[in-house]
Every structure is written in C-alpha cells, then in structure tokens.
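Here are my notes on this one, jotted down as I went through it. Have a look at the model and then at the points below.

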Amino acid sequence: MSTRPVLAVLGLLAVLLVACDPAPAPRPAEEPVRPAWQALTLPAPPGPPGRALLRDATACAGRWYAVGGVADAAGGTRPAAWSSRDGTNWTVVPIAADSFYGKQNVLYSAGCRDGVLAVIGAKVGGAHGYPRVSTWRQRPDGGLVEVSASFESYGGPKAVNVSRLTGGPTGWLIVGNRSSGAAAWVSPDAADFALVEGAPELASDGRGVSWAFDAVGVPGGWLAVGGVLPA
C-alpha cells in the first residue's frame, strides 16, 4: 500500500493546525509620559534687577545648568547661569567677564565634558552690528570665566554665525558657518579654540553650499549635522 496519500493528509492537517493557532494577544497600550511640570523662579544674579533670559540647558556629572542672561529696564544685558542638583533648587553660577562685549553677552549654547561646563555667548554690537561672540569655561570653583580670543576667531569679514558647542571624547567642538560654508572650532580644553574652515567635505564645494547647525561627540570623533543648498 502506498504511503503518499497518508503523508498528504498529515501534511494538510499540520497546515490546518498552524492556520488555526490563535493570533497573539495585542500588547497593552503604553501609558503616555505625563511630566509633572512645575514653574520655578530662578534666583536673581548680582547686579541691577531685570528679566531672566534663558537660552539653553545641559547636565554635567549629576548637576543641571541653565544659561542665558539678564535684560535690565534700560535694555542692557549681562551673562547669567544657574545650577541645580535636583532641578528644583537653583543657585547662581559666578561669572567673570573680561571684555567689553563679554560683560554684555547672553549665553546661548552650553556643553559638558568630564563633568566640566563650557558655554558660548554673544552680544550684537560694533559699527556693523555683528554678534560679538565669546566662549566661557568653568573654573575649578564652579564659576564661569570668559576666554580671551581675537575678534576674527569668530567674527571678521568671513563670519556668518557661530551655532552650537558640545563636548566629546577628544575635547570640545563648536560648529558654525563662514563664507566658505560649514566650519568648526576645536579645543582640547575649552581654553583656546582653533578655527577649521574650508575643510574638504565640510565646506561648500561644487555640489552646493553647506551649513552646519549642531554636533555631538561620538567614539573617536564628531558628528556634525546641517544641510546643503544644491548648486
């Protein structure tokens, strides 16, 4: 007697049994995150009273930092920063400004590396109304001190803008743009930044005009993001 019909029937039964397996139960819907936001009043920095200007925040070694400035009733500004362990109780970060425009900076980009804070600030001024950019590094006592730099480090006839600062495994990176396209400033310790402009694959070329808006440190280097306006 041939076994082929029997095998065919068994195969059909196996297919039917598989087809009849119940569908997996739907996963329960995850509850949406509902942060319990709480409004806080930051302590006033030293100096004339004014309106707090918040521009950025970051976390370093278990501590939050918020940076910005203070705008007084006369329209003047000065740099300001605050720190907190829990996000609820904040203290003012001491700031030591050195230059004329540094004393008027509004801090707008903060980054961390190995528990140390660094910041970019700027104030529009001068004959042509360009942003006068300063960088700031954290002292051992936790305060911020302005880093001295020549005007053309971030400004000058080739300047477009200075965007964001970030810390990474190899040091610190600032991204921004020059007349040659996307550019960067690099430093091992946030005490002295070297400008990198006109670099292949970063700067504009025959394919289009490049722009850099932000960056992040990755193992062994950096990842910068932005865009290209095709030629």
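1. Disulfide count. This is a predicted model, and the structure holds one disulfide. The partners are Cys 60 and Cys 112, with an S to S distance of 1.5 Å. You'll want that number in view when you look at the sulfurs, as the pair is assigned on a cut-off of 2.5 Å.

2. Handedness. The torsion about the S-S bond of Cys 60 and Cys 112 comes out at about -95°, so we're looking at a left-handed disulfide.

3. What the bridge connects. Cys 60 belongs to strand β1 (residues 50-60), while Cys 112 sits in strand β6 (residues 106-113), so the link ties together parts that are 52 residues apart in sequence.

4. Burial of the two cysteines. Buried or exposed? Cys 60 has 3% relative accessibility, so it counts as buried. Cys 112 is at 17%, and it counts as buried too, because the cut-off is under 20%.

5. Ser 134, setting. Moving on to a serine: Ser 134 is part of strand β8, which covers residues 130-138. Its relative accessibility is 6%, so Ser 134 goes down as buried.

6. Ser 134, partners. Which side chain does Ser 134 pair with in a polar contact? That would be Glu 146, at 2.9 Å between the two side chains. Setting aside neighbours within four places in sequence, Ser 134 is in contact with Ser 99, Gly 102, Asn 105, Val 119, Ile 120, Gly 121 and Glu 146.

Technical notes:
Residues numbered from 1 in each chain as written. Predicted model: local features only at pLDDT ≥ 70, side-chain atom pairs only at ≥ 80, totals over all residues. Heavy atoms only, no water. Helix = DSSP H or I, 4+ residues; strand = E, 2+ residues; numbered from the N terminus. Buried < 20%, exposed > 50% of the residue type's maximum accessible area, 1.4 Å probe, protein only. Polar contact = N/O pair within 3.5 Å; in protein donor to acceptor, adjacent residues only side chain to side chain. Contact = heavy atoms within 4.5 Å.
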